[in-house]
Amino acid sequence: MKLAFGCDPNASELKEILMAKATELGHEVADLGSDDPIYANVAFDVATAVAGGEYDRGILVCGTGIGVSIAANKVEGAYCACIHDVYQAERAVLSNNANLIAMGSQVIGTKLAEKLLEEYLKYTYDPNSRSKDKVNRICEFERQ
């Protein structure tokens, strides 16, 4: 899978750890930035690249994960879930077809972040699942 990563300056260490983990898992990684203190800018860049099909999924990191998640979700076709536990990582894909995830470098440790990334990347959304009507409604509303 081709993955785009981005973060604010406060989360660059965790981003590097996650990029190394993704590479170890056999994924192709791209660093779309970490120097801009306005986290929304990198979130927009990563979300736009994922929504446009340049990358399969995106991983964003800031202090809490909340800000980059909100920013990413402003991009049409970007569906970012802010995750903090393994069940959320799984359900981000299986229930919500999230093409991006966000994590907080100040609220979770590195080993948990690596595990969340691993969980998120091992699932594929089934468009015929029982969640399809919910996901389709979100996409339909976005197109209105």
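Trainee: How many of the 144 residues of the protein count as buried, as a percentage?
Mentor: Of the 144 residues, 48% count as buried, where buried means under 20% relative accessible area, exposed over 50%, and partly exposed in between, with a 1.4 Å probe and protein chains only. This is a predicted model, in which local features need pLDDT of at least 70, side-chain atom pairs count only at pLDDT 80 or more, and totals for chains, interfaces and linings use all residues. Residues are numbered from 1 along each chain as its sequence is written, and side-chain values use heavy atoms, with hydrogens and water left out.

Trainee: What makes up the secondary structure of the protein?
Mentor: There are 6 helices and 5 strands. Helices (H or I, at least four residues) and strands (E, at least two) are DSSP runs, numbered from the N terminus. In that direction the elements run β-α-β-α-β-α-β-α-β-α-α.

Trainee: Why does the radius of gyration of the protein agree with a compact globule?
Mentor: Because a compact globule of 144 residues would have a value near 15 Å, and the protein has 14 Å. The radius is taken over C-alpha atoms, and the globule rule is 2.2 Å times the number of residues to the power 0.38. Along its principal axes the C-alpha trace spans about 40 × 30 × 25 Å.

Trainee: What share of the contacts between residues at least 6 apart joins residues at least 24 apart in sequence?
Mentor: That share is 66%, with contact meaning heavy atoms within 4.5 Å.

Trainee: Which elements do the buried residues of helix H5 pack against?
Mentor: They pack against strands S1 (2-7), S3 (57-62) and S5 (100-104), and against helices H1 (12-24) and H4 (86-94). The buried residues of H5 are Ala113, Glu114, Leu116, Leu117, Glu119, Tyr120 and Leu121.

Trainee: How does the reach of H5 compare with the expected span?
Mentor: H5 covers residues 110-121, 12 residues in all, and reaches 17 Å from its first C-alpha to its last, close to the 16 Å expected at 1.5 Å a residue. The expected span is 1.5 Å times one less than the number of residues.

Trainee: Why is glutamate 114 called buried?
Mentor: Its relative accessible area is 16%, which is under the 20% limit, so the label holds. Glutamate 114 lies in helix H5. Leaving aside neighbours within four places in sequence, glutamate 114 is in contact with Ile17, Leu18 and Lys21.

Trainee: What is noted about phi of asparagine 97?
Mentor: Phi is near 55°, a positive value in a residue other than glycine. Asparagine 97 is in the loop between H4 and S5 and, at 32% relative accessibility, counts as partly exposed.
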